[in-house]
Amino acid sequence: MTSDGRKHYEDWDLFALGALDGEEQREMAAHLASGCDDCMQLYLSAEAVVAGLATLSPDVQLPPEAETRLKTRLAAAGAGVTETARPAPTSPAGIWGFWNAAPWALAAACLLATIWLGVSLHNTANELREQQRQNAEYRSRQQQQQQPPVSPNPAGKITSAQAAELRNTIEALKRDLENARSEKLAAEQELKTAQAKLEQAQTRLAEMNASLTQSEARRAEAEQSLTSAHLQLAKAEADASKLAQASAQNDQIIALLQAAPLSQLDLKPVAGVRASARVFWQNDRGLLLVARDLPRLPEHGSFQLWFYRQGSPGVVNVGTLRVENSGSGLLFVPPGPALLAMSGALVTQEPESSSASTPGEEILKIKP
Amino acid sequence: MAGSPQEPELLERVRARDADALLSLYRLHGQRVFSLAYRLLRDRSAAEEVVQDTFWKLWQRPGMFDPQRGALISWLYTVSRNLALDRKRKENRRAVENVMLNIDGRVPGAMAPEMAAMADPAVSRAIRSAMDALPADQKDVIDLAYFEGMTHSEISERLGAALGTVKTRLRLGLSKLREAMRDPARVKQ
């Protein structure tokens, strides 16, 4: 409503037309019901304008049997109908003048009216016959379904009220049938729509499944790549660690060689071996073994350095030589108890499954 | 639109439960009500049922129509349109707002001039001429609202026009029809 609680003609026009949306329509209806006489007048004016729109409908002939059905309905409701004849259609006023001016036209009009009445009666008779046929079909169906028949009166005849009720029932059944057909069609349409949506959803689901499978495959590949990368990293870290160890050892070797004075001893080859080796050491800086012309090692074999010492065991394993393809070998032994207890040195050739406590084949040795 | 001189008497008899009087009113107005129902539904069988139900309403509750408020034909048009649109939208979400029933029982003052004009046969010709003279966009929205029972929102969606535009077109069109009803002689026919 406006500030003064009123609306204008145009608003009530839309209201009477039913063109407003639900809430606004209800709001205005409530206002009318509240008793605003001014708005009621505006509404009535709008209602008349809207009703005027009905006159824009083209004339369509109302079926004559429709009146029969209304009569039947009235009779079924217990209303007494005495009229049976349908009055002739109202003639436009202008026609009367025409009749006065041309009497011969009256004869022609009578002829036309007679023809019209004949056709109408013929149609009505056909419709009544059709109605009777439908009634007979209905009764037949009722009997087939063994439903209780309409109770006849004592004389064995159906009364007019029962007949009217029966016709009314038939009409209601027809309407129900028509409604059921419409609902069935609508339901079928809804079913089709639902099926189409279901198919779309299934297609979408299949696409999503395919996409998911691809994603899982890609994830597996990525995990594999990640594992591989981890392995490479671990290897690189191990290599780096080895390099760091080697570097540290090299530093120790350099420190040892720069120290003075250094003790040194030559190891002597056993019979039949051409190799030679020398050890340099200082007790607090470690020991370095340098060997030359070492024999070719079998696959997986190695050269091992052992220290002789007093006590038991009389020999201890102190490390494996790093051997070059040229036959040179090198080993640094850090300072410690083994070096302090050293009384001699031994180089052996060890197979793959060598023992850490029992020396293998002797190659070079010095026993003070 | 012409009201019958016997109409008030027939209505009195209907109130007195005279079925013959109802049939007489049916013969007076049934044809026009059927034409409207058919225009709305485009189904002869359904339109006939709407006509039946319209007169049945009058029979069952004749007090719903107040002769002081307007012409019987207007009431019949309104009721039959509501019934037809209800039927049309049976499976739809919005039931027709039957404003006429909501305000039933109120006794307003004098009959609106437009309603009084409904008794003049020249008025229906004037309305038709005025409607023909409307710009197509105004005619279209009135047609969709009245004969298709669409709200302005639905019309806006259907035509792809702004809501305000639809309202304006409806108001302008109906305003011209009101003028035609008030002064049918001024409408070019």
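**Helix packing, sheet and chain contact in a predicted model**

In this predicted model, helix H8 (residues 136-146) of chain B packs against helix H10 (residues 163-182) of chain B at an angle of about 95°, and the axes of the two helices lie 8 Å apart. H8(B) is therefore roughly perpendicular to H10(B). On the side of H8(B), the contact is made by Asp137(B), Gln138(B), Lys139(B), Val141(B), Ile142(B) and Ala145(B), which meet Val166(B), Arg169(B), Leu170(B), Leu172(B), Gly173(B) and Leu174(B) of H10(B). By residue type, the contact of H8(B) with H10(B) comprises seven nonpolar, two polar and three charged residues.

Another helix of chain B, H4 (residues 72-88), consists of 17 residues and spans 24 Å between its first and last C-alpha, close to the 24 Å expected at 1.5 Å a residue. H4(B) is mostly covered, since 15 of its 17 residues are buried.

In chain A, nine strands form an open sheet with antiparallel pairing, and their order is E5-E4-E8-E9-E1-E2-E3-E7-E6. Strand E5 (315-320) and strand E6 (322-323) of chain A stand at the edges of this sheet, and because each has a single partner strand, one side of each is left without a neighbour in the sheet. Helix H7 (residues 160-258) of chain A packs on the sheet, where it touches E2, strand E3 (286-292) and strand E7 (329-333) of chain A, and the direction of H7 makes about 95° with that of E3(A). Within the sheet, strand E1 (residues 263-269) of chain A pairs with strand E2 (residues 276-282) of chain A in the antiparallel sense, and five bridges join them. Leu265(A) has Val279(A) as its bridge partner in E2(A). Strands of a sheet pair, in general, through backbone hydrogen bonds, and such pairing may be either parallel or antiparallel.

Elsewhere in chain A, Ala46(A) is located in helix H3 (residues 37-52) of chain A. Ala46(A) counts as buried because 25 other C-beta atoms lie within 10 Å, the cut-off for a buried residue being 20 or more. Although Ala46(A) and Leu14(A) are 32 residues apart in sequence, their C-alpha atoms are 8.1 Å apart in space.

The two chains also touch each other, with 62 residues of chain B in contact with 54 residues of chain A. Helix H2 (residues 19-41) of chain B gives the most to the side of chain B that touches chain A, contributing 13 residues. The residues on this side of chain B divide into 29 nonpolar, 16 polar and 17 charged.

Conventions. Residues numbered from 1 in each chain as written. Chains lettered and ligands numbered in written order. Predicted model: local features only at pLDDT ≥ 70, side-chain atom pairs only at ≥ 80, totals over all residues. Pairing = 2+ DSSP bridges. Helix = DSSP H or I, 4+ residues; strand = E, 2+ residues; numbered from the N terminus. Contact = placed C-beta atoms within 7 Å. Axes fitted to C-alpha atoms, helices over the stretch in contact; angles between N-to-C directions. Parallel < 35°, antiparallel > 145°, perpendicular 65-115°, else oblique. Nonpolar A, V, L, I, M, F, W, Y, C, P; charged D, E, K, R; others polar. Expected span 1.5 Å × (residues − 1). Buried ≥ 20, exposed ≤ 12 C-beta atoms within 10 Å, placed from the backbone.
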